[in-house]
Amino acid sequence: MNVTVSTGQSLQDISLWLLGGTDALFALADANGLSITDQLVAGQVLVVPDGYTVNAQLVDYYSRKNLRVNTANAQQLVDVEPDDMHEFDENEFDENEFY
């Protein structure tokens, strides 16, 4: 199978997305004559080797949900300033409230 790289995708992303884990990362890199740290280019076509699926359930999940792993385009978490945080007061918590 071949796959076309999207903007910001890494070899690790593709290994996770199409093979179900990063244990297949070296096989994916080797099949394409790449190092695991090589930068990929949007539009680049990679060969996804057969027989290296790490987690078929994860691959199936991504496929069913039509998800594409692309960590470079993941939403970044916003830093919370200490002033915005609410301090926990154990006296405010009723442990029986959730039972």
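## Notes on the model

1. Let me begin with one residue. Ser 15 is found in helix α1, which covers residues 11-19. This is a predicted model, and in it Ser 15 has a relative accessible area of 0%, so this serine counts as buried. Setting aside residues up to four places away in sequence, Ser 15 touches Gly 20, Gly 21, Thr 22, Ala 24, Leu 25 and Leu 28.

2. A word on confidence before going further. The protein chain averages a pLDDT of 84, and 74% of the residues score at least 70. Where pLDDT is low, the predicted coordinates should not be read in detail. As for the elements, confidence is lowest in helix α3 (residues 56-64), with a mean of 94, and highest in strand β2 (residues 45-47), at 98.

3. Next, the overall layout. The protein chain has 3 helices and 2 strands, and read along the sequence they follow the pattern β-α-α-β-α. Of the 99 residues in the protein chain, 25% are buried. Among contacts between residues at least 6 apart in sequence, 65% join residues at least 24 apart. The accessible surface of the protein chain comes to about 7700 Å², and carbon and sulfur atoms account for 48% of that.

4. Back to helix α1, with a question: how many of the 9 residues of α1 are buried? The count is 7, so α1 is largely enclosed by the rest of the structure. Besides Ser 15, the buried residues of α1 are Leu 11, Asp 13, Ile 14, Trp 17, Leu 18 and Leu 19. The buried residues of α1 pack against β1 (2-4), α2, β2 and α3. After α1 comes Gly 20, whose phi is positive, near 85 degrees.

5. In soluble globular proteins, nonpolar side chains tend to be buried together. Here the largest nonpolar core has 16 residues, and those touching the most other members are Val 3, Leu 11, Ile 14, Trp 17 and Leu 46. The elements giving two or more residues to this core are α1 and α2 (25-31), and the largest share, 5 residues, comes from α1.

6. One of those core residues, Leu 46, is worth a look for its contacts. Leaving aside neighbours within four places in sequence, Leu 46 is in contact with Met 1, Asn 2, Val 3, Val 5, Leu 11, Ile 14, Asn 32, Leu 34 and Leu 40. Val 3, Leu 11 and Ile 14 in that list are also among the core residues that touch the most other members.

7. Turning to helix α2, I looked at Ala 27, which has its place there. Is Ala 27 buried or exposed? At 15% relative accessibility, Ala 27 counts as buried, because the cut-off for buried is under 20%. Not counting residues up to four places away in sequence, Ala 27 touches Pro 49 and Tyr 52. Between Ala 27 and Asp 50 there are 9.7 Å in space, C-alpha to C-alpha, and the two are 23 residues apart in sequence.

8. Side chains of opposite charge can pair when their charged atoms come close. The structure holds 1 salt bridge, in which the side chains of Arg 64 and Asp 60 meet at 2.9 Å, N to O. Both residues lie in helix α3, 4 residues apart, which is about one turn of the helix. Arg 64 counts as exposed, at 56% relative accessibility, while Asp 60 is partly exposed, with a relative accessible area of 40%.

9. Phi of Asn 66 is near 55 degrees, a positive value in a residue other than glycine. Asn 66 counts as exposed, at 71% relative accessibility.

Note on methods
Residues are numbered from 1 along each chain as its sequence is written. This is a predicted model: local features need pLDDT of at least 70, side-chain atom pairs count only at pLDDT 80 or more; totals for chains, interfaces and linings use all residues. Side-chain values use heavy atoms; hydrogens and water are left out. pLDDT is the predictor's confidence in each residue, from 0 to 100. A salt bridge is a side-chain nitrogen of Lys or Arg within 4 Å of a carboxyl oxygen of Asp or Glu. Buried means under 20% relative accessible area, exposed over 50%, partly exposed in between (1.4 Å probe, protein chains only). Contact means heavy atoms within 4.5 Å. Accessible areas come from the Shrake-Rupley method with a 1.4 Å probe; for residues, only the protein chains shown count as cover. A nonpolar core is a set of buried Ala, Val, Leu, Ile, Met, Phe, Trp, Tyr and Cys residues joined through side-chain atoms within 4.5 Å.
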